Amino acid sequence: MSALSVSNVSYRFGPKLALDNVSFDLEMGRFCALLGPNGAGKSTLFSLLTRLLVTREGHITVAGHDLARKPRAALAQIGVVFQQQTIDLDMTVLQNLRYFAALQGLTGRDAERNIDAALDRLAMRERALEKARALNGGHRRRMEIARALIHSPKVLLLDEATVGLDTGSRKAITEHVHDLADNGLLVFWATHLVDEIRDGDDVVVLHEGKVVAHDSADTIAAGQPLIDAFLAMTRKEPAA
């Protein structure tokens, strides 16, 4: 069973076709980069995966649950970190996590156990009583990832999660999420930065709303730098 299956999905904003017959299957325990230039359709796809947008064109299943027919069951298997920050800066890390756990229906010992596991997984225990405002950008992102894992999802979606971070923080975050994938989670990572991708990672290349490649990074690179292969696939031809 695929952790995430997208089959023949299309989406339109009025006359504009933002996604065009997108299909791919992703397995558990993998890091998969959704690689595409700005405007490729990455955020639209993530909005469909989280039901911020809904389409009748195609099917999406999450851990075997049809997103259209059983949205609650499907969404319960997803943790998500959006590009824009979504934390309360005046609450502590622990308060943010407890609040989100309550939103997920977790209370008492179950909530505390999951919060403890998330803090340990992201190396945030020593920052638990600090206000989010006091954290740097990298640690705020770690907190958002910890929060996204509170309900033990099988799929973690991250949409341009390193935007605005310095080089060291970007490296730390990408290493953390690769570790999560190594421990059995499907990490689906939307980015336009090829340096966040390892040779053995899965890559879905999205360009102008279409999947133009889906394979391992080293296979797509075919002996050349991945950035060169990526640019060749997404380069716009000049008008005749």
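The tour goes from a sheet to its helix, then to the cores and the aromatic rings.

Before you click: this is a predicted model, where local features need pLDDT of at least 70 and side-chain atom pairs count only at pLDDT 80 or more, while totals for chains, interfaces and linings use all residues. Residues are numbered from 1 along each chain as its sequence is written, and side-chain values use heavy atoms, with hydrogens and water left out.

**Stop 1: the sheet.** Show the strands (DSSP runs of E, at least two residues, numbered from the N terminus; helices are runs of H or I, at least four). Four of them make an open, antiparallel sheet ordered β2-β1-β4-β5. Here two strands pair if DSSP finds at least two bridges between them. At the edges, pairing on one side only, are β2 (16-26) and β5 (65-66). Now zoom in on β4 (residues 59-62): two bridges join it to β5, and Thr-61 has Asp-66 as its bridge partner there.

Stop 2: Seven of the eight α1 residues are buried, meaning under 20% relative accessible area with a 1.4 Å probe, protein chains only (exposed is over 50%, partly exposed in between). Lys-42 is one of those buried residues.

**Stop 3: the cores.** Which residues have the most contacts inside the largest nonpolar core? Pick Ile-145, Leu-156, Leu-158 and Val-187, out of 48 residues in that core. A nonpolar core is a set of buried Ala, Val, Leu, Ile, Met, Phe, Trp, Tyr and Cys residues joined through side-chain atoms within 4.5 Å. Helix α3 (residues 93-103) gives the largest share, five residues. A separate core of 28 residues includes Leu-26 and Ile-78.

**Stop 4: the rings.** The whole structure has four aromatic pairs. Phe-31 and Trp-189 have ring centres 5.9 Å apart and planes at 40°, so this pair is tilted. (Rings of Phe, Tyr and Trp, using its six-membered ring, pair if centres lie within 6.5 Å; planes under 30 degrees apart are stacked, over 60 edge-to-face, the rest tilted.) The pair connects β3 (residues 31-35) with β8 (residues 186-191), 158 residues apart in the chain. Finally, select Phe-24, Phe-46 and Phe-188, which form one aromatic cluster.
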